[in-house]
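Biologist: Please pick out one part of this model and take me through it closely. I would like to know what surrounds it, and how the rest of the chain is built.

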Amino acid sequence: MTTGASRLSLVRPNRWFWLAWVVPAVLVTLALVVLAANGIRGLPQVESFMRSYPGVSTHLAATPVGIPAWLAWQHGLNAFFILFVIRTGWQVRTTKRPSIFWTRTNTGLFRTKNPPIRITLNLWQHIVFDTLWAVNGILFYVLLFATGQWLRLVPTNWDVFPNAVSAGLQYASLNWPTGTGWVHYNALQMLSYFVVVFIAAPIALVTGLRMSPGLSARFRRLDRVFPLPVARKLHFAVLIFFVAFIVIHVTLVLTTGARANLNHMYAARNDDGWTGVWVVVAALLVTAGIWAGVRPAVVRAIAARSGRIIHRKR
């Protein structure tokens, strides 16, 4: 009979073996991409194309210049919330046999006619961070359109697509596009941010609501037009997209002029000083402290203030 320890010893080497070949494969693939991009850029037709489309799309005259302080704060809060949304979402997906559940206290302002539905503590935690992220996002949308900053994110000319290809070739060849983020984003950045803000985020919100236990149990008619399995697949796909975007985004921020980029994003300054760096360091320390502090005992204590905690033996 195989013991738990022996089973664990059989699983771990497989995981390490997976990392042992995936990491070198990724590095080799990236090296090949860089070589291919440099070779393509050397072709006369491509050189002519990149002269015609240097990587920056045409902007409307009303497009604002610079990053306001509210946008820097919004960016920082969004980064904080999305990390915990991803963490708790992964916990919900990977916990096979949850043992702690939460049921809302059906009294006071949030009292409903139907009895509350029991959910796992991991799902409760995920919904809390989702709600904070969504509230922050709604405020972001309001300020974005109220101040005209949406013009920096929404393409207004079809030349954004060939310019995005040009910018992609510049990134892939490690010959970075000229940094003009304070004035306007390059075409690839604009398309990426547009997808994140106006496509991926709404899909994450809509599919999350569709998967909500309360909605899925009380609105059975949605199964015909928007089945739960479809919502789950879309929700997980958006999760993977956000993880990939964050990895690529952070890598490029740090490798294409870290101090200037961090000043733009976290300090609303257009210089090469250290203010943005120190703001990020402080934010990372706070995030790390909360990340380490959000333990099951702490989560249970907080959740118990708004509902009943139920423990089930595994």
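A pocket up close

Modeller: The second largest pocket has a volume of about 1500 Å³. A pocket here is an open set of points on a 1 Å grid over the protein atoms alone, where a 1.4 Å probe fits, with protein on both sides within 12 Å along at least five of seven lines. Its volume is the space filled by probe spheres set on those points, which are joined across faces, edges and corners. This is a predicted model, so local features need pLDDT of at least 70 and side-chain atom pairs pLDDT 80 or more, while totals for chains, interfaces and linings use all residues. Numbering starts from 1 along each chain as its sequence is written, and side-chain values use heavy atoms, without hydrogens or water.

Helix α4 (121-147) gives the largest share, 11 residues. At least two residues each come from α3 (69-94), β1, β2, α4, α6 (187-211), α7 (213-218) and α9 (228-255). Helices (H or I, at least four residues) and strands (E, at least two) are DSSP runs, numbered from the N terminus.

Two of these contributors, β1 and β2, lead on to the sheet. It is an open sheet of 3 strands, ordered β2-β1-β3 and paired antiparallel. Strands β2 (119-120) and β3 (307-311) stand at the edges with a single partner strand each, so one side of each has no neighbour in the sheet. Pairing takes at least two bridges found by DSSP. Strand β1 (residues 100-104) and β2 share 2 bridges. There, W102 has I119 as its bridge partner, and F101 stands opposite T120. Strand β1 is mostly covered, with 4 of its 5 residues buried. Buried means under 20% relative accessible area, exposed over 50%, and partly exposed in between (1.4 Å probe, protein chains only).

Q189 lies in helix α6. Q189 is partly exposed, because its relative accessibility is 22%. Its C-alpha is 8.7 Å from that of A167, 22 residues apart along the chain. K233 belongs to helix α9 and is exposed, with a relative accessible area of 63%. K233 and T207 are 26 residues apart in sequence, yet 9.1 Å apart C-alpha to C-alpha.

Q170 is in helix α5 (residues 160-172), and its relative accessible area is 10%. Leaving aside residues up to four places away in sequence, Q170 touches R41, M50, P54, G55, N175, W176 and P177. Contact means heavy atoms within 4.5 Å.

Finally, step back to the whole chain. The protein chain has 12 helices and 3 strands. Its C-alpha trace spans about 70 × 55 × 45 Å along the principal axes. Of its 314 residues, 33% count as buried. Among contacts between residues at least 6 apart in sequence, 74% join residues at least 24 apart.

Note on methods:
1 Å grid on protein atoms, 1.4 Å probe; cavity = no way out; pocket = protein on both sides within 12 Å on 5 of 7 lines; lining within 4 Å.
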